[in-house]
Structures are given as C-alpha cells and as structure tokens.
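This short report walks through a protein model, one part after another. Please keep the sequence and the structure in view while reading.

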Amino acid sequence: MVLEILDILISGLLNGGIFALIAVGLSMQYGVARVLNVAHGEFIMLGAFFTWTLYTMLKVNPLVSLVICGPIVFVIGYFLHKTLYRRIRLSSESQGAFEGNSMLASFGLLFIIQNLAILRWGSGIKGYSYLNFPVNLGGAMFAANRLVTLLFAVAICIIFYLFLTRTRLGKAIRAAAQDPDAAGLMGVNINQVLALCFGLGALMAGLAGSLLSMSFRVQPTMGLEYTVIAIIVIVLGGLGSIPGSFIGGFILGLVGSIVSHFEPGLSLVAYYVLFMILLLVKPTGILGR
Amino acid sequence: MSKKSFFSLIICLIFILTIAVGCSQPAPQPAQKDPAAPTGPVVPDKNEIVIGSVSSLSGPLSPIEGAAFGPIRQMWVNDINARGGIYVKEYDKKLPIKLIEYDDTSDIGTMTRLMERLIVEDKVDFIFPPTGTAMLFAAGEVANKHEKLLIGMSGGASEIKQIIAGMPYFFSALNFSDTQMPALVNMMVDQGVESAAIVFIGDLHGVEYSGAAVPQLALAGIDVIYVKSIPPGISDMSSLIREAKAADVDAFLCFAYPDENILALMQSMELGFNPKLFLTGPGGNFGFFRDIFGDQVMEGMMSWGAWNERSSPGSKEFVDKFIPLYGEPMVDWWGHNLYWGALQFFEQAVEKAGTLDNAVVRDIVATEKFDTILGPTWFEGGMLAEECHTGEVGQWQNGKFEVIAPYDKATAKPIYPKPSWPR
C-alpha cells in the first residue's frame, strides 16, 4: 500500500515537473506578452528535434544540448514577436482585439512550424535511448531519465523565478505584466520587454522539448497535446502567475498519476474535467488575481 | 404524232433522264489514302493516366502515412514512369502516371471532400487509398458511389470483410487479426506461454485485436491476467506495466500504434519489466523502431507482419530497390511487400483490361490471378487471399525482422524467452 502511494506520488511529480516547465513558458507569453500562443507546443517540438539531431548526428549529450537548443528557440521566439506579434499589437485597436488577432496568428504559426518540421525531418517518429534504466526509490522503480528531467525542470523553474524577482530586467517584466502602458510611461522599453517575454516563453518550451526527447518519442505533430496541457495548467495556476503555473503543473501531474493508477484511459479525461470545474468554480485559478 | 412515236419518245426521255440522274451521282471511286487520316479504328487521344491520392501528409496520421504506404506510392509511380508507363491497349501506347496529391491533414471530413473533388472535378482515372482504418472505411463509400476502384493499403480491419460485400469497388491488401491472431496464439502455445497481459488502444484497431486475442488465448489455455484500454496520446503507462510486472506475466501484448508502443517499450525498460514475449503492433514492424532502440533492445521483440528479403525473390529485389532510396528505418516489415505486390497486381490488371474503365479493371482485379512480389496473387471476396501473405508474426533477431509464424512461411524459429534488456 505504502509502495503504491509512493509510486503514484513520484509518478505525479515526474510528469508534473515537465508540465510546470511547459506552463511557465506559456504563462510568460500569455500573462505578460498577452499572446495566447497555441503554437507553444511547436517550440517544444523544435527543442526536441534539435536535441534528437544533435544526439543522433553528433552524439551531443542531451543535457549539453539544453544550452544549445534553448538559446536557438529563444532567438526564434524573440524575432517572431519583433516581426509578427509587435505589428499585430500596433495595428490592433484594443487589447482584446490584439489577443484575438494574435491567437489567430498563432494558429497559422502552428501549421507553418509543423509543416516546416515535416519537410525537414519527415513525418516519421524519431527517438533515442538515454539514461533508460530503472532507479530504485524506496522500493519503487523509476526511470533515470525521468528523474533527471524532473530535477532539471525544477531547477530551470527556480532559476527563472529568481531571475524575475531578483533582477532589474525581471522587475521590468513584472511591471509590464501588471500594466504595459504604465510600465512604458515609467521608462520600460515595452516592445523590447514583450519580445523578450515571448522569447523566454519559447526558451522554456525549447528546454522542455529537449528534456522530453529523452523519454518520449519525437515527431512533428507532438506539440499540440503539450499546448493543451499548458493551457489547462495556466488556468489552474492563475493566468499570468509564474508560481501558479509551477504549482499547477505539479497538481495536474498528480491528478493524472492518481487517475492513471486506477484507469489509464481516463487521465486525459481527468485533465479536461479539472479544467471545466476550475472555469466554473474558480476561473482566476489558484494564484490568479 | 402517232401513238407508236409518242411511246418511243417517252421511253427515250426516261432513258435520257435515267442516264442524266445517274451521271449526277459521283461514281464510286477506289479508296484513296489521306496521309492525315488515321488508319484502322479511331483511337482516343490520352497521354497519361491520372491517379488521385488523398493522404495524411500532416496531422496525427502523418507518421503512419510516411512510414507505410506513402513511400511505396511514390516509388511505384517513379518506377512505372521510368519504364515509360503502363501499356493500355485502348490507346495503343504506354501511358505514364500523373499523380495528383492532396493532404487531408488527418481529418476524415477533409479526406472525403478531397476524394470527391479528385473524382468529380479533377476527373482522375484512378484513386489511391487514404491512411488508416477509419479513413479507408469512409473512402470505400466514396469510391463505391462513384464506381472507382479502391485498393486499400495501410489500415483496415477484419470488419471490412462484413461491409466489403456491399462495396464491389473496394478491395483490401493488408492482413489483419483474423489471420494473424491464430498464428500468434498457436506459436505462443508451442512455446509454452502460460499467462498474458493485453493493452489495447481504444479504437477500432485495438478493439478488434483485443477482441480476437482474449477468446483465442483463453481457448488455448493461456491465462489472460488483464485486458486494459488506453487512449491515443497516453503519456504514462507505468501503472499498467507495474501491474504486469507484479503479476509476472509471460507475454505482454500491446495492440496500439507506434506512439503508444514506443512509450510501452521505453517504460518497460525503465521499470525493469522484461516479459518473455513482448509484442507491439503496429510499431515493432517498422524499421524506425530498430533505429530508435537499437538491435540489442529489439532482439526478440515481436510485431505483426511479416516479411523480409528471404520471403520471395521479388522481396529481395524490392528491398534492394527501396533501401537505397529511403533507408532501412523506413521499411515497414508488415505491409510494404503487400502494398508493392498489390500495385504490381493493379498494373497488370490495367494492362489486361486494356482500358482505364474502372468497371472493367475492377472485374479483372476481382477474378484474375497475377504474379507479383508475393508470388501468385489474387483477391478473394475483396480481400487479398491468405495464401498470398508472406507471414503473420515477425520477430527481431540479430537486426533482422524474421517471419516466425505461421511455420510454413517462417524464415526463422521464434526466440523464447526473449533476451533481457541490455544494461
């Protein structure tokens, strides 16, 4: 019985770590840059494919790939905001219009990135084996690569939180999240900060993709399922709240693990049920304002 | 004028008029050859055979499309065109293939709409099948409505047998559970398997395979520990694997798609679950599985199929042609020889028909027998005859996908128990 509970808890934490990382990225993009980026999962896919390519072609350790893939995806995200979303923002009549227009643009981006990936890597499934052996934790067995994923995901989220709370740039981002116009009047280069936030969101997605590629298959169509999970988590945690997304990721991971223990077919259903209950009972989420 | 003179005048007048009328008609002339006119019967003009294809080039089904029928379709068209085309007697020449391709984005509604467009607007001569079981069922209805021949390739289920009778234009080239499961269960009994755990994906494919497996295993005296359904896109199967490990089952049968099968295999290794028999299908039959996990992990892994270059002389020829073009990871050791054989059959059916009339070609497909990569090949009741299958179950052995069941088609003996996962 104790072993079963331990199994469920650790499985939940292992999934939750990666959910948290993905959601923190989307939270940056939606909470600050106000872009509900439905192509968020495509940045995860890009991170996973870059890591797979480096590992299979150049034998680069996937953990080393993090410092290569993350910045590449960041640059892509940063310039996408500079070129695409900034123009949409400037041409939109209101904040609401911008959110609607940017979401539609994200849908287009989803298909563009996905199809470019199919052209580059083909539509087939890719993968590799890394740290693919069991580790005994108090009698419960877990994969070494998933434990490493959890440790890195938590570490990345903590570093990111410290960056937001302890640095001058982090303060500017938080100011932009609260009120972009007021932050602009206070001397914050708002366009720069918003592009940076979008790039940082993409960076988190890219890092998540690199970590995911160690224990899951890699394919051009893998992104959407993670986008859906990220949206559920940011609603659960509270829109725009980084700590909320972090906690929400772990809660969703645990819910999935508990349900999956009794009926694996219902874990996705449980996510959606939780999502609907939240919208009805506490639409602001756990730490939302 | 005397009466005699009057009659003589009338007779002369009739005679003169007869001659005059006769002279006004052109005299029959010997036929003269016009250098511009065609000789013999009139031959309609046509320079190519247009084949329409709607397939899942993007979306969730694209990995299966890219690994299963997609490369075969492309290679066959190139192969035919390199040989100048298919000879069609009606046009008295070889006609190359022109392929019109649309992407259904893995959406069934889009697929049927585009297939109607191919037939009605593009007026293609023939159509190629879409990707996946549900797509094939829907495409069969469209093809039949427009009386277009449709030979199903990747996808399908034994349920097709029940509906195919009402769809005379629909044929199916792939083998399913009705021939595969008896071969698997027979082999499991012979190897001394005593218990099994079954995981199946909750769709037509999974339901069919688990539905076929449970009673057959029970009848064979194999204890089925559990039968569990999983949804597409499941991200954690650890609880299922732990349960199978705790029960110490001999066989773990995962009737799901590559996504789920990769997860099942990865998590089994991660959790140290090493059953004596491990079958994933469809999944383990694809070359990319071996590419992902390597020979040591794949040693002893089973999947549906099956064929290899030793299955027939034509199979060797096919492999020698396919691998340099697409690479070994792109080989589907379940379906590729069936698809290629079915297309070779189709080519010969068109040649024999001497026309692009789908009704005529359809009748030939339904009744004739041709030599292909599979040997003598024919369809029975709309399905590729069981005798044409080169195998039903395969197993990875020393980096090769060997046919292990049924025994009369086997290229190697089964390895049981399979080796432990490499450290």
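## Helix 8 of chain B

In this predicted model, helix 8 of chain B is followed by B:Gly221, a residue whose phi is positive, near 85 degrees. Helix 8 itself covers residues 204-219 of chain B, and its 16 residues reach 23 Å from the first C-alpha to the last, which is close to the 22 Å expected at 1.5 Å a residue.

Several residues of helix 8 of chain B are buried, among them B:His205, B:Glu208, B:Tyr209 and B:Leu217. The cover over the buried residues of this helix includes helix 5 (133-145) and helix 7 (177-191) of chain B, together with strand 8 (195-201), strand 9 (223-230) and strand 10 (251-255) of that chain.

## Chain B as a whole

Chain B contains 14 helices and 18 strands, and of its 423 residues 52% count as buried. When one takes the contacts in chain B between residues at least 6 apart in sequence, 67% of them join residues at least 24 apart.

## B:Asp79

B:Asp79 lies in helix 3 (residues 69-82) of chain B. Because B:Asp79 has 15 C-beta neighbours inside 10 Å, it counts as partly exposed. In sequence B:Asp79 is 18 residues from B:Ile97, while in space the two are 9.9 Å apart, C-alpha to C-alpha.

## Where the chains touch

The contact takes 30 residues from chain A and 34 residues from chain B. On the side of chain A that touches chain B, elements that each supply at least two residues include helix 1 (2-32), helix 4 (95-121) and strand 2 (140-143). By class, that side of chain A has eight nonpolar, 18 polar and four charged residues.

Methods
Residues numbered from 1 in each chain as written. Chains lettered and ligands numbered in written order. Predicted model: local features only at pLDDT ≥ 70, side-chain atom pairs only at ≥ 80, totals over all residues. Helix = DSSP H or I, 4+ residues; strand = E, 2+ residues; numbered from the N terminus. Buried ≥ 20, exposed ≤ 12 C-beta atoms within 10 Å, placed from the backbone. Contact = placed C-beta atoms within 7 Å. Nonpolar A, V, L, I, M, F, W, Y, C, P; charged D, E, K, R; others polar. Expected span 1.5 Å × (residues − 1).
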